[in-house]
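I opened this entry to keep track of what I looked up in the structure, and in what order. The sequence and the model come first.

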Amino acid sequence: SEVMAQGKYSRVDGKKSSCSTATIIVVVGVCLVGVWMFMSSSVAPGQNSDVPAVQESKQTESTKVSSFEDNSGDVSSDDSAKDEGNQENTQNEESSTNDAETNTEDESKSSEEKSNDSENSNSESNESENSNSESNESENSNSESNESENSNSDSNGSENSNSETNEPEKKEEKVEKDETEESSNDNKTTDLSAAAESEISKETNAQNGAFSTQAAESASEKKSQKPSISKQNQDAYQWKTCNVTAGPDYIPCLDNFEAIRHLHGRSHYEHRERHCPTDPPTCLVPLPVGYKTPIKWPRSREQIWYSNVPHTKLAAVKGHQNWVKVTGEYLTFPGGGTQFKNGALHYIDFIQNTLPDIAWGKRTRVILDVGCGVASFGGYLFERDVVAFSFAPKDEHEAQVQFALERGIPAISAVMGTKRLPFPSKIFDVVHCARCRVPWHIEGGKLLLELNRVLRPGGYFVWSATPVYQNKTEDVEIWEEMSKLTKAMCWELVVINNDKLNEVGAAVYRKPTSNECYENRQQNEPPLCDKKDDPDAVWNVQLEACMHKVPTDESVRGSKWPEMWPQRLESPPYWLKSSEVGVYGKPAPEDFTADYENWKRVVLKSYLNGLGIDWSSVRNAMDMRSIYGGFAAAMKDLKIWVMNVVPTDSPDTLPIIYERGLFGIYHDWCESFSTYPRTYDLLHADHLFSDIKKRCKLQSLMAEVDRILRPEGKLIVRDNVETIAEVENMAKSLNWNVRLTYNKDNEGMLCVEKTFWRPDESRI
């Protein structure tokens, strides 16, 4: 405006300033005091704060966010108009103090850069005070900088205002204090903002790259959309307790008894498969009476609280096989099983001695354990640096998978029925079945052919069952049928061996690494799959009794065995091509490496020290929207395991996750996950909620998160600020504790802790 222009050039034209010398001295003095207060409020390196201080700072979070988010050009039109009014009243004061203020700020800047350089990376109060180093440099080179600051920044403009100087400075001091408290949560987050911002900025630009998705409609869903901003207040969420037959053990997609009643048959275990409600539930699963904080790993492998999983049927039926026993207030697990009643470790070594090439923890890293029981086999394989993905149905073996998860062993509730397992093809190094009660030989070997699909070429199938070592009529018949089937599948019977201690035996088969046997078969039974059949399309896809050819092109996944563990964790898979674009826009191998380096930085600088989490209490973790498995890989030195979930409408990167020696599963988060309630200590959701809200209700997803997470468990959310606000409101309405919130440039992070709170009301 004309008035502003006159004020701008008043000193250049030689016009006398309307400000007195006393006024100039007062203003300069106030600026110096402000600089001193800013420097004294900075956090010294190594300074710690308790978690409660962080929680208290959250009460002013809404004020704080607007304070440090308002960079140049971000202020609303209303705020800009207000600033212009202030400038009109104080233009002459600004012009007369311009040089003095510039020199003062320049001096303070140089000292601050020397003493507070590390703090500048994680304290937004520094940015709002100094407007970063570039804006300070512009102050020295351009006399117009003060005016532009006044029109774009409330905090900087208030420094130059005579009538409003004291009040805004107090406000700035409060902002700095809150920021300092937040950045020093428990063990100080040394570089939270830098690490968080790095990953967030990449994630917002994520595309499918060269990867397809499980969902057919995923191409349109992956386009960048601006989500609607929800103004829903936390009081608007009405939570009620689930009033269902399954009670505290409710799994919505497995306990949908209405859908199960309408099934046409059950001979193929249809009643054990997933049948999700049309409307995902928004109720909260009740806690068992007397529920306690779970026992920590590794003690939990041998002992859990009876009150947490109050089921005794397995102890009565399988106690003699050392599955589980009731011991006072505990359930104890001697480490036995149907085929290894004298302990899993002896049985694991028995398999290694039977076939040294299996090489636990080197050649063999990721296995599938079918019909796992209480998963003692998988629980003790950790000592051999092997991870077992265990599964068993929710059936008459009461709570077997729930026992496994409460013990700290990865498992899901699933069955081999009419549909493909939720895994890509050619991913498991070994598939294991110890009396898993699956009729492999019937109906053309359809179920064994499904194992053939998920087994790597050159991988082993370890079958420990009575037909291998007993001579009863039924066992002999089954063995003969299995021999015919495996020979027709071109599986090589490598070895049969007996375990004298446990009085059992095991047969080990090997999947071929070439197509020579397939091509030389006299009969095409089982048949080869049609060329159009995609072995990696699995979500709700029906089983077919056919085999896919083995890839022979050395540049194709499955043509070579992965590198030995642990080298395979850090190396890009050989089949990732530089000519293909990765999820984040770089050539695929570079994308993989950059993602891993980024997550190592985020985990080390933010998660391990900055969230106030006692990581010794975290055992079962889930990455709800995994890309390359970088989060899980960065956690490799901790005594935890991570379930990597690749959503069906996300880039299909699950084969990469398995190739690097990690494990995971496909899932649609508009449905419930196939796990029992209260089975995970930590859930990690990286841009999941904003993606899901395009298709489903966030409240349903939050109810599912509440169902999966244990009381005192943590949820870490990285997403846009609108979605973060919605999730935080829902968490507060659930009476969860907000441990940390952080946001910048429309992206943010939230860490919340579930409590023991449950609503009093109930509904169906």
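My notes follow, from the whole chain to single residues.

**Ground rules.** I am working from a predicted model, in which local features need pLDDT of at least 70 and side-chain atom pairs count only at pLDDT 80 or more, while totals for chains, interfaces and linings use all residues. Residues are numbered from 1 along each chain as its sequence is written, and side-chain values use heavy atoms, with hydrogens and water left out.

**Whole chain.** I found 29 helices and 19 strands in the protein chain, taken as DSSP runs (helices H or I of at least four residues, strands E of at least two) and numbered from the N terminus. Of its 764 residues, 58% count as buried, where buried means under 20% relative accessible area, exposed over 50% and partly exposed in between, with a 1.4 Å probe and protein chains only. Among contacts (heavy atoms within 4.5 Å) between residues at least 6 apart in sequence, 73% join residues at least 24 apart.

**The seven-stranded sheet.** I traced an open sheet with mixed pairing and the order S7-S6-S5-S8-S9-S11-S10; two strands pair if DSSP finds at least two bridges between them. Strand S7 (411-413) and strand S10 (492-499) each have a single partner strand, so they stand at the edges with one side left without a neighbour in the sheet. From one strand to the next the twist averages 20°, with axes fitted to C-alpha atoms (for helices over the stretch in contact) and angles running from 0 to 180 degrees between N-to-C directions. S6 (residues 387-392) and S7 run parallel and are joined by three bridges, and alanine 392 stands opposite serine 413 in S7. Helix H18 (residues 400-407) packs on this sheet, touching S6 and S7, and its direction makes about 155° with that of S7. Helix H19 (residues 446-454) also packs on the sheet, where it touches S5, S8 and S9 and makes about 135° with the direction of S9.

**Strand S16.** Is S16 buried or exposed? Eleven of the twelve residues of S16 (residues 709-720) are buried, so the strand is largely enclosed by the rest of the structure. S16 pairs in the parallel sense with S15 (residues 680-686) over six bridges, and histidine 684 has isoleucine 716 as its bridge partner. Seven bridges join S16 to S18 (residues 747-753) in an antiparallel run, with leucine 715 opposite valine 752.

**Aromatic rings.** I counted 26 aromatic pairs, under the rule that rings of Phe, Tyr and Trp (its six-membered ring) pair if their centres lie within 6.5 Å, planes under 30 degrees apart being stacked, over 60 edge-to-face and the rest tilted. Tryptophan 297 and phenylalanine 382 form an edge-to-face pair, because their ring centres are 5.9 Å apart and their planes stand at 70°. The two lie in separate loops, so the pair ties together parts that are 85 residues apart in sequence. Tryptophan 297 counts as buried at 17% relative accessibility, whereas phenylalanine 382 is partly exposed at 21%.

**Arginine 557.** I placed this residue in the loop between helix H22 (516-520) and helix H23 (567-570), and at 10% relative accessibility it counts as buried. A polar atom of the arginine 557 side chain lies 2.6 Å from the backbone oxygen of serine 425, and the backbone oxygen of lysine 426 lies 3.4 Å from a polar atom of that side chain. Leaving aside neighbours within four places in sequence, the contacts of arginine 557 include Asp536, Tyr574, Trp575 and Glu659.

How values were computed
Polar contact = N/O pair within 3.5 Å; in protein donor to acceptor, adjacent residues only side chain to side chain.
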